Amino acid sequence: MAKRILLTAAAAVMTFTVTRAQAPVTTVFEGARVIVGDGRPAMEQATIVVTGDRITQVGAAATVKAPAGATRVSLAGKTVMPAIVDAHVHTSLTPPELTDDLKKRAQFGIGAALSMGLDGTEAPFAQRAAATPGLARLFLAGRGITAPEKGRTEVPHWITTEAEARTAVQDEAAKKVDLIKIWVDDRDGKFPKLTPALYGAVIDEAHKQKLRVAAHIFSLDDAKGLMRAGIDAFAHGIRDRDIDEELVALFKGRPNVVLIPNMPDRGVTVDYGWLRGRIPDGQLEKLQAAATDRPQAQQAFGIQARNLAKLSAAGVTIAVGTDGNTPWAPHVEMADMVASGMTPAQVIVAATRNGAAFVGLANTGTLEAGKMADFLVLDANPLDDITNTRKISAVYLRGAVVRQER
């Protein structure tokens, strides 16, 4: 006799819970002056619509249709510009310190940073992959490449042969770095520097690996040699003397080469009061005490300022980089670039669109529909005075407000 299995009604009923995905929040920012970041004139009384982490609409209020039920934020009297990209930094190397670096950068409106060649631990690579909310995004050159510099950092690859040059590039390519960094500098005659044969091998191998190369330089002669060898970017301006028409012609012949000038201290008295409450009082006091008139520093700044002005006038693509680990430094660098002869509008393009393109962020850098919602809300217009980038009312990265810790 077949065994009969009786199922009770309760046992026979299976219940399923269907969880609906929560719709992204839409926020409408109204009434601000909007600096797109591509050099176009600012839009007055504009509206930005953000859904989730993306800008979905931006334009004059009459042309933007705000979705029903959207949260509305008045930015009357404010100026909005894209988040800043620092295309030349050197971050900390331990996870907690690195997190702190990127958090502080975000609070100063820095949406992304490229660490140039001193990334000797795994922590930066892990952080790059994480893309943590509320932190600036991180891009890496891994371990850079230089001639032996005994007594300085041993993080970079030290090379003396073309074979070593190619192996170093291959090692970094295997780690999927965003860029290859080289140093071509004898450090005031203290060390041998990469020869044309060695840096030529680095550039050639990097290009075979579909990687660009950025060079730390000092001299005009080295800049010319690197241009002829196919360099993709300069992580510093020329510092030994005023540039000539030959270099300008080399840049014009290779319009994709990017200059990250990294201006030196101007050597003049400046007021760091804008940092009060944002950095420790002791640090601020030291900064202010050192901000005095120094003729030698003024002379060094003058060389680089004239060179930057000449290359900017020639149409060279310029980005912003600060060569250090100071989260607020881009705001100083931008003012130095204006002091060199660039307009505030040109500097903003360098700090936003150009920087984003250089580090490989195609989805940010300008305030346009479809781009990531990475932007600063400012209390004053930086097109009138570039130091107004320091007057930060709020920062949004990937559509979320960045918590300001003061």
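Asp 244 caps the N-terminal end of α7, with a side-chain oxygen 3.3 Å from the backbone nitrogen of Glu 246. A polar contact here is a pair of N or O atoms within 3.5 Å, one able to donate a hydrogen and the other to accept it; residues adjacent in sequence count only if both atoms are side-chain atoms.

This is a predicted model: local features need pLDDT of at least 70, side-chain atom pairs count only at pLDDT 80 or more, and totals for chains, interfaces and linings use all residues. Residues are numbered from 1 along each chain as its sequence is written, and side-chain values use heavy atoms, without hydrogens and water.

Helices (H or I, at least four residues) and strands (E, at least two) are DSSP runs, numbered from the N terminus. Buried means under 20% relative accessible area, exposed over 50%, partly exposed in between (1.4 Å probe, protein chains only).

| Residues of α7 (245-253) | State |
|---|---|
| Leu 247, Val 248, Leu 250, Phe 251 | buried |
| Glu 245, Lys 252, Gly 253 | exposed, on the face turned away from the buried side |

The buried residues of α7 fall within an arc of 155° seen down its axis, so they line one face of the helix. The arc is taken from the directions from the helix axis to the C-beta atoms. These buried residues pack against α6 (220-229), β13 (233-234) and α9 (295-313). Contact means heavy atoms within 4.5 Å. Phe 234 is in contact with Phe 251, among others.

An open sheet has the order β6-β7-β8, with parallel pairing. Strands pair if DSSP finds at least two bridges between them. Four bridges join β6 to β7 (residues 110-115).

Notes
Lists of a residue's contacts leave out its neighbours within four places in sequence.
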